[in-house]
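These are my notebook entries on one structure. I looked up its backbone angles, its chain contacts and its cavities.

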Protein chains: 2
Amino acid sequence: MEEKKNYDELIRLLNQCKYAELKEKINEENAANLAEFFEEVPEDKRLLVFRLLTKDNAADTFSYMDSDMQEDIVNSITDNEVHTIIDELSVDDAVDFLGELPANVVKKILKDVSEDRRNIINHFLNYPDDCAGSIMTIEFMEFHWDYTIGKAMELIRKTGFDKETIYSCYIVDNKRKLVGVVSLRTLLLSDDNKKVSDIMEDDVIFVHTLDDQEDIANIFKKYNLIALPVVDNERRLVGIITVDDIVDVIEEENTEDIEKMSALLPSEDEYLKTGVLSLAKNRIVWLLVLMVSGTFSSAIINGYESVLASSVMLASFIPILMDTGGNAGSQASTLIIRGMAVGEIALSDILTVIWKEVRVGFICGVILSAVNFLRLMIFGGTPLMVNITISLSLCITVIVSKTIGCVLPMFAKKLHFDPAIMAGPLITTVVDSVSLIVFFNIASIFIL
Amino acid sequence: MEEKKNYDELIRLLNQCKYAELKEKINEENAANLAEFFEEVPEDKRLLVFRLLTKDNAADTFSYMDSDMQEDIVNSITDNEVHTIIDELSVDDAVDFLGELPANVVKKILKDVSEDRRNIINHFLNYPDDCAGSIMTIEFMEFHWDYTIGKAMELIRKTGFDKETIYSCYIVDNKRKLVGVVSLRTLLLSDDNKKVSDIMEDDVIFVHTLDDQEDIANIFKKYNLIALPVVDNERRLVGIITVDDIVDVIEEENTEDIEKMSALLPSEDEYLKTGVLSLAKNRIVWLLVLMVSGTFSSAIINGYESVLASSVMLASFIPILMDTGGNAGSQASTLIIRGMAVGEIALSDILTVIWKEVRVGFICGVILSAVNFLRLMIFGGTPLMVNITISLSLCITVIVSKTIGCVLPMFAKKLHFDPAIMAGPLITTVVDSVSLIVFFNIASIFIL
């Protein structure tokens, strides 16, 4: 199965104006594929093709489109058509879409939506990004705990079509407080006359509306869930989160971490669709910070100008020392940042981690400096004392870098910053200064 | 909901030897939590606690344990107990576990397992890592296309308990070829007398046993699936993959990418459980490669020793130039690597990408060199010509670095290498040489 389908036939029908045939074909197509197909439809024909879709398919396809395409479509169809789509979309998809639009456009769109639905959507739009409330849906199966299984199954048959999932059903008491969960599997395999409260799992795992989406993703991973209920402060059931949305959350959080680790401001937009100015803006901040902090290295070199003047060849070892130190430190920080992100390393492990890194640093440092020493003795043509200086500096730098690389991310976490900023680029800048000080001090002893 | 539960009460019961009470409590507990609880049980009491679990719960808990703990348990229980567990585990969990063990232990364990099951397990163990076959399960719901919905529902009620999921059911023809899929939701909402072939979705999305797990994860993301069928070369249905396993695959692939991007050999073991020697081994390879390639930078500096000797202060600008170039290049490479991994950037976009990066590099380069120039004019105390040299070099370095940073990962992909190796560390080493050459050539013009 290839990831990207070939839409040549659909495009051909479009170009030949065989609209009846095209209409039939696209209404049989999967919504995710249709959204992809629209990327290939020339802009001036998108509206025409979109109007060939049935009401259901139009809303479905719309929910798979990226926000630019959604905005294009909404700007070109009539107000009436917009409302039909908003009504057909599930609440979480509608909120995702509206959340990307300017406030005045949202207001205009919501003007004619039914009051109930408008209130719900507005309520959702007020949840902060990245919390349970912003990713949950309200289309879930809920039973009163007094229901029999027969009654529950009847309710599923009657209302199940509109629900995000019917495979996990939630049980509430008289005050709508969440008291249990039952899977459709268990319902199906149980006697119709029993009560749902007899077969429900009452040790139910749930989250609160304001819980962070990264923590929620970790709960899904730990318990292998397909859905998770969301409650308010009084433990009343207000929504559910399904695993397909969590897959997106995991990807998003990983991208964010990777971007932060490379000194980029995180962005949710696709690279190819982001303008040059936005790309530059996301990069210049850290480049400036790191450049300015890099002036420490310059100051250190200036401070040891006399050492350097007495042996200019020492300068040629600065890159190798700085780079190796930076790489050694980045390796350590990456493992610690990732370990904390996936919940394998806790702050309380700090002493274990440091002791581990010192030993790993020692092994790597000794090997690297031995290889470097041999290389210099064989090919270098440099005096023995210089070779000793370089190799000793290298070994110490690697050990210190590994230690700094593991301590700084944990320190950031302790201070409630995101550890991901303490990755390669920042570690490199810090390690640069350290390696230069080590280098020049050793040089002062052995060479001067 | 906190991510980690508190097991103090269970530990207290254990320490007070209240085994009857402990047995009751742990058999009510969730298997994922129990696996976590076992991490806190002292090693000499693990076996005792494990034997308090019912057969079902023991196998369930076992499947959530990490491979070290599993091996500990298997080494201390009787052969008979091992076989009970292997029989209770779903095939994919059994294969995951056995895949981590040495071949002779696997052979010993499988010796007394029923022949059918042994053949299936052996077949699974032969699939290469990271392909569909190695992550699929054979416990799925399958109907002949001739079945009525009533018969299908009866089959679900009879055999559904043992299946990995009953929410997606697959339809096969006389030759066991996959011809359709139907959700339990659709089954429930349809008339019992209809045939499954009337209501099934026949445009079914499937993968082959040897397809790569990263591509499969992308299919799950694109179509928001909860399960995906796996077929052999004759399109016969052989297994299914469920979304909870895909969540693990996504995390694993992301960790692998992040590690490669930081010059680490990827490892599937938890940091805290990995020995110092293995950690060092995973790091030393790239550190050596990068150190040796870093000798180019040394050679370049040596080649321009006369320039440096005439103005030793130039050396103090080497770190800032190298670091800024490295950071600028890493930012570009990270965005391109990530964009390709999540399928947003294709190789055919290369010209668009380069043109974008050149412009972004120009904007960042101009801002950085302007800030740097001002800083030097105000605080530097360096001659104007030196300041011009530094700032001009910085601007050119940033533009070139951005270009190199975006080209190399795409080049790696073209050559079927993993683009993730063309990240920060390697880019930095390449960019170092470039920035030094630019710097010394400009210095030769302006200063000598």
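**Entry 1: Two loops of chain A**

I located Arg235(A) in the loop that joins strand E5 (227-231) to strand E6 (237-242) of chain A. I note that the model is a predicted one. For Arg235(A) I read a phi near 65°, a positive value in a residue other than glycine. Most residues other than glycine have a negative phi.

I then turned to Arg176(A), which sits in the loop between strand E2 (165-172) and strand E3 (178-183) of chain A. Its phi is near 65°, again positive in a residue other than glycine. With a relative accessibility of 37%, Arg176(A) is therefore also classed as partly exposed.

**Entry 2: Helix H20 of chain A**

I asked which residues of helix H20 (residues 350-380) of chain A are buried. Among them are Val353(A), Lys356(A), Glu357(A), Val360(A), Cys364(A), Leu368(A), Asn372(A) and Leu376(A). The cover over the buried residues of H20(A) includes H19 and helix H21 (384-414) of chain A, and also helix H17 (276-293) of chain B. Just after H20(A), I found Gly381(A) with a positive phi of about 70°.

**Entry 3: Between the chains**

I looked up how chain A meets chain B. Contacts link 117 residues of chain A with 118 residues of chain B. The size of an interface is often given as the accessible area lost when the parts come together. Here the area buried between the two chains is about 11,000 Å², and carbon and sulfur atoms give 66% of it. I recorded eight salt bridges between chain A and chain B. I also noted a salt bridge joining the side chains of Glu357(B) and Arg283(A), at 2.7 Å from N to O.

**Entry 4: Cavities**

How many cavities of 30 Å³ or more does a search of the whole structure find? The search finds seven. The largest cavity has a volume of about 390 Å³. Its lining holds 26 residues, and Gly424(A), Pro425(A), Ser330(B), Gly424(B) and Pro425(B) lie nearest its centre. By type, the lining residues are nine nonpolar, 14 polar and three charged.

Helices of both chains each supply at least two lining residues, including H16 (243-261) of chain A and H23 (424-446) of chain B. H20(B) gives the most to this lining, with six residues.

Notes: Residues numbered from 1 in each chain as written. Chains lettered and ligands numbered in written order. Predicted model: local features only at pLDDT ≥ 70, side-chain atom pairs only at ≥ 80, totals over all residues. Heavy atoms only, no water. 1 Å grid on protein atoms, 1.4 Å probe; cavity = no way out; pocket = protein on both sides within 12 Å on 5 of 7 lines; lining within 4 Å. Points joined across faces, edges and corners; volume = space filled by probe spheres on them. Helix = DSSP H or I, 4+ residues; strand = E, 2+ residues; numbered from the N terminus. Nonpolar A, V, L, I, M, F, W, Y, C, P; charged D, E, K, R; others polar. Buried < 20%, exposed > 50% of the residue type's maximum accessible area, 1.4 Å probe, protein only. Contact = heavy atoms within 4.5 Å. Buried area = accessible area lost by both parts, 1.4 Å probe. Salt bridge = Lys/Arg side-chain N within 4 Å of Asp/Glu carboxyl O.
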